[in-house]
Amino acid sequence: MDPLMLDGNAVAGLLQEVFAVEMTTAIGTCNACGATDAVGALHVFRGAGIVMRCPHCDNALVTIVKGGTHVWIGFAGVRTLQVTV
Ligand SMILES: [Zn+2]
């Protein structure tokens, strides 16, 4: 095993800190056009789930599906997400 490699449990504290913040003011960068915007400024479409789109190029940034006691969140269209901790 690589001595520099750990499993995801090693960053549990960091992830808890990052995802327990106000997300509407987080700044996302679109993976398609490179624009940056606050999450609160994204375009949201509701259907079988939620799709959050870039207001500049319509790229699907975030998908959210909630079912029962689980939530699936995809960030396939987001290059980076900047949060204040
Ligand atoms: Zn875009």
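Student: Is Cys33 buried or partly exposed in this model, and what is its relative accessible area?

Tutor: The model is a predicted one, and in it Cys33 is partly exposed, with a relative accessible area of 39%.

Student: Which atoms coordinate the zinc ion?

Tutor: The SG atoms of Cys30, Cys33, Cys54 and Cys57 coordinate the zinc ion, at 2.3 to 2.4 Å. Along the sequence, these donor residues follow the spacing C-x2-C-x20-C-x2-C.

Student: What is the geometry of the site of the zinc ion?

Tutor: Four donors count as tetrahedral if all angles lie between 85 and 135 degrees. Here the angles among the four donor atoms are 103 to 112°, and the site of the zinc ion is tetrahedral.

Student: How do strand 3 and strand 4 run, and how many bridges join them?

Tutor: Strand 3 (residues 43-46) and strand 4 (residues 50-53) run antiparallel and are joined by four bridges; with three residues between them, strand 3 and strand 4 form a hairpin. Within this pairing, His43 stands opposite Arg53 in strand 4.

Student: Which residues form the nonpolar patch on the surface?

Tutor: The nonpolar patch is formed by Val11, Leu14, Leu15, Phe19, Val71, Ile73, Phe75 and Leu81, which together have about 700 Å² of accessible area. Helix 1 (12-18) and strand 6 (70-74) each supply at least two residues of this patch.

Student: Where does Phe75 lie?

Tutor: Phe75 lies in the loop between strand 6 and strand 7 (78-82), and at 35% relative accessibility Phe75 counts as partly exposed.

Note on methods. Residues are numbered from 1 along each chain as its sequence is written. This is a predicted model: local features need pLDDT of at least 70, side-chain atom pairs count only at pLDDT 80 or more; totals for chains, interfaces and linings use all residues. Side-chain values use heavy atoms; hydrogens and water are left out. Two strands pair if DSSP finds at least two bridges between them. Donors are N, O and S atoms within 2.8 Å of the metal (3.2 Å for Na, K and Ca); water is not among the atoms, so sites may look incomplete. Four donors count as tetrahedral if all angles lie between 85 and 135 degrees; four count as square planar and six as octahedral if opposite donors are over 155 degrees apart and all others between 65 and 115; anything else is irregular. Buried means under 20% relative accessible area, exposed over 50%, partly exposed in between (1.4 Å probe, protein chains only). Patches are made of residues with over 30% relative accessible area and no salt bridge: like charges are joined within 9 Å, nonpolar side chains (Val, Leu, Ile, Met, Phe, Trp, Tyr) within 5 Å. Accessible areas come from the Shrake-Rupley method with a 1.4 Å probe; for residues, only the protein chains shown count as cover. A salt bridge is a side-chain nitrogen of Lys or Arg within 4 Å of a carboxyl oxygen of Asp or Glu.
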